[in-house]
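Good morning, everyone, and thank you for making the time.

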Amino acid sequence: MLIVFEFRHTFIDKDKQISSLAGGIVYDIFGNPEDSLCMSHLLEKAYYCYRTNLTKMCFVGWKSYISKKKMKAARLVERMKETEMYHKQRQIKLAYSKWTAWVQFRKQRQKDAVRKLQKVQESVHCRNAIAAWRHVVQDAKRAKEYFKRLERDIQESQNSEIQQGDGQDKLSLLPNKLSLKIFQSLGVRDLLKCAQVCHSWKAIAQNSSLWTEDETMKMILEGCRSLLHLNLAFTHITNATIRGLSRCCLTLRSLSLAYCASFSDKGLQYLIKGKGCYRLTYLDLSGCSQISVNGFTYVAEACSSLQKIVLDDLPTLTDICVQVLVSRCRALTAISLLDSPYLSDVAFKTMAEVISLIKIQIEGNNRMTDSSLKALCRSSLKLREVQMSDCTRMTDASLKSLGSLTKLCNLNVSGCIKVTDMGIHYITEGPSAVELRELDLSYCPKLTDLFLKRISQKCSNLTHLRVCFCENLTDNGFECLDNCASLISLDITGCKIHDKGLAALGTNHTLRKLTVAECVFITDNGIKMFCRQCHRLELLDVCQCVCLSDRAIRALSFFCRTIATVRIAGCPKMTDTSVKYLTRIGHFLKELDVSGCPLLTDRTPSFLLCCCLQLRSISMLYCKNISKQAALKLQRRVQHWKHSHDDAPYSLD
């Protein structure tokens, strides 16, 4: 507020006269009128200064008031925002908790529903499987009875001579040799018709001398023109059968002629002339060393759609043969060349230039070098299975090439004596380390514990590992394998493992098959510590572990109740008590090898006969104290049976 003062210079009218005394008093009180002008000027300045200060003070106060009010309003707005945010967060938390509870409830209901559906599905599958099994068993019984009767009739007819005079025709009255001579001039169809005439003619027609493999195959091929798969391995077929294949088998996809030595290149030439076999995708010519370059040329021209070919055990196979084959068969994805020692880098580099492989198997080749595998890995980026066992010229450079592959899942470099830990380093650091499923590094003497550590760290999906006769491996390396969470099968035959390393392997609970044959430092305590931790073991091979006794088998039978295969051949301290311990798990035991255990007696077959009803294979070679009569009792119960009294070919000391 502004206060305005109005001053008058004259307070007393000029017309009125003041007495001198009174005027003096008045002047003393109010001052001299002449001085009032100066006084008013000072008052104006004082007023102006006062008003200015008052205005400034009021403005400062108003400004402070306004700023405080704004701050209070801003603080109120912030608090309102915080309140709203807190409210929203509380609502979100409440909604999230309700949603979480609802989701858990729904998931639980889904799990319950899936569990019920699985039970229903399993029951339906089980019911269908049982019904199908019942039908199969009935059919198998009928077929078995039929073939038994047929074999009995054939055996009786072959053992007994054809009696003269049984038939009413003149042919039945002829001598046996003369009748066979006449029937030999008949074809297959005529023989089948003659077998239906009477018993005497049937007996003559069923004589094995009248039937050859070519004639039998001719009958089969003419009657079954829609064959897809045909296995003629280890037969004596000739060019005539292959000629029949080229004429009749228009839909054939798979053909095996392994170890058929009676046909020649001329028979393979029929494949070009005929209409059959041009759709073949699989061909096995293992052991057919009579095939020359011309034969492979005919195969390449006739079977250009081949995807898989097996050329094992062909010492005559040369680079030219392979070059001719792959020049036409450009769809090849798998090739096997086991025991083909005369192939060189020329053949493998030709493969790399023409075809892209998924699987390749090479064994016993001393001419192949690292450059061949390098070329193959460059051209075949989808290689999944590689076997180059006993290729002594292979070095770490080959494994470096393999390490660049992205889909490698099966690798076998056993017998490659130049492979070291650095080569395995290339594999474990490559992109296919997590894809690797099976690895065989047997007979690689330069490998040490370091490669086992790398495998356990990098190869997380490895299921099968073989490191037989790797002399530099110790217990420290085997202790690293407890980190292989997917390892199922382990073969450490001939390694220098002790009880400590074996106990460490027991901590790997996924292990199902363990082979520790010829590990002479293993004792009963090691087997006990291993079995105590590895309860799901299905196979144990301790052949030639001469320190083991009945105590080891007792621990095995007590802790590993699902064991199905036990091999204790060459363990001289084993007695009948060991077999008695195994009868505890007799309802699972399917295979047993006790060869070379001289302390076993006739009690062993009796134990197995009484308790091991699922036993399918038994080997009792070099068991002098087991009589043949006792061993023969098991022969009827098992599919594979071996027994002998001979001296063991190895020392049992």
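This is a predicted model: local features need pLDDT of at least 70, side-chain atom pairs count only at pLDDT 80 or more; totals for chains, interfaces and linings use all residues.

What percentage of the residues of the protein count as buried? Of its 653 residues, 40% count as buried, where buried means under 20% relative accessible area, exposed means over 50%, and partly exposed lies in between, with a 1.4 Å probe and protein chains only. Residues are numbered from 1 along each chain as its sequence is written, and side-chain values use heavy atoms, with hydrogens and water left out.

The protein has 23 helices and 17 strands, and these are DSSP runs numbered from the N terminus, with helices (H or I) of at least four residues and strands (E) of at least two. Among contacts between residues at least 6 apart in sequence, 73% join residues at least 24 apart, contact meaning heavy atoms within 4.5 Å.

Let me turn to pairs of helices. The axes of helix H12, residues 345-354, and helix H13, residues 370-379, come within 8 Å and cross at roughly 10°; axes here are lines fitted to C-alpha atoms, for helices over the stretch in contact, and angles run from 0 to 180 degrees between N-to-C directions. That makes H12 roughly parallel to H13, given that angles under 35 degrees count as roughly parallel, over 145 as roughly antiparallel, 65 to 115 as roughly perpendicular and the rest as oblique. On the H12 side, Asp-345, Phe-348, Lys-349, Met-351 and Ala-352 meet Ser-371, Ser-372, Ala-375, Leu-376 and Ser-379 of H13. By class, the residues of this contact divide into 5 nonpolar, 3 polar and 2 charged, where Ala, Val, Leu, Ile, Met, Phe, Trp, Tyr, Cys and Pro count as nonpolar, Asp, Glu, Lys and Arg as charged, and the others, Gly among them, as polar.

Further along, the axes of helix H14, residues 396-403, and H15 come within 8 Å and cross at roughly 5°, and H14 and H15 are therefore roughly parallel to each other. Here Asp-396, Leu-399, Lys-400, Leu-402 and Gly-403 in H14 meet Met-422, Gly-423, Ile-424, Tyr-426 and Ile-427 in H15, a contact with 6 nonpolar, 2 polar and 2 charged residues.

What do the buried residues of H10 pack against? Helix H10, residues 293-302, has Gly-295, Phe-296, Tyr-298, Val-299, Ala-300 and Ala-302 as its buried residues, and these pack against helix H9 (265-273), strand E3 (282-284) and helix H11 (319-328).

Now some single residues. Phe-478 sits in helix H17, residues 475-479, and counts as buried because its relative accessibility is 0%. Not counting residues up to four places away in sequence, Phe-478 touches Leu-452, Val-467, Leu-473, Ile-492, Cys-495, Ile-497, Gly-501 and Leu-505. Thr-510, by comparison, is found in the loop between helix H18 (499-505) and strand E12 (513-515), and counts as partly exposed at 26% relative accessibility. Leaving aside neighbours within four places in sequence, Thr-510 is in contact with Cys-484, Ala-485, Ser-486, Leu-487 and Ile-488, and a polar atom of the Thr-510 side chain lies 2.8 Å from the backbone oxygen of Leu-487.

Finally, the rings. A pair of aromatic rings is described by the distance of the centres and the angle of the planes. The structure holds 5 aromatic pairs, counted when the centres of Phe, Tyr or Trp rings (for Trp, the six-membered ring) lie within 6.5 Å, with planes under 30 degrees apart called stacked, over 60 edge-to-face and the rest tilted. One of them joins Tyr-443 and Phe-469, whose centres are 5.2 Å apart with planes at 20°, so the pair is stacked. This pair links distant parts of the chain, 26 residues apart, with Tyr-443 in the loop between E9 and helix H16 (449-458) and Phe-469 in the loop between strand E10 (464-466) and H17. Tyr-443 is partly exposed at 47%, and Phe-469 is partly exposed at 26% relative accessibility. The rings of Phe-558 and Phe-559, in turn, have centres 5.0 Å apart and planes at 90°, so that pair is edge-to-face.

Conventions. A polar contact is a pair of N or O atoms within 3.5 Å; within protein, one must be able to donate a hydrogen and the other to accept it, and residues adjacent in sequence count only if both atoms are side-chain atoms.
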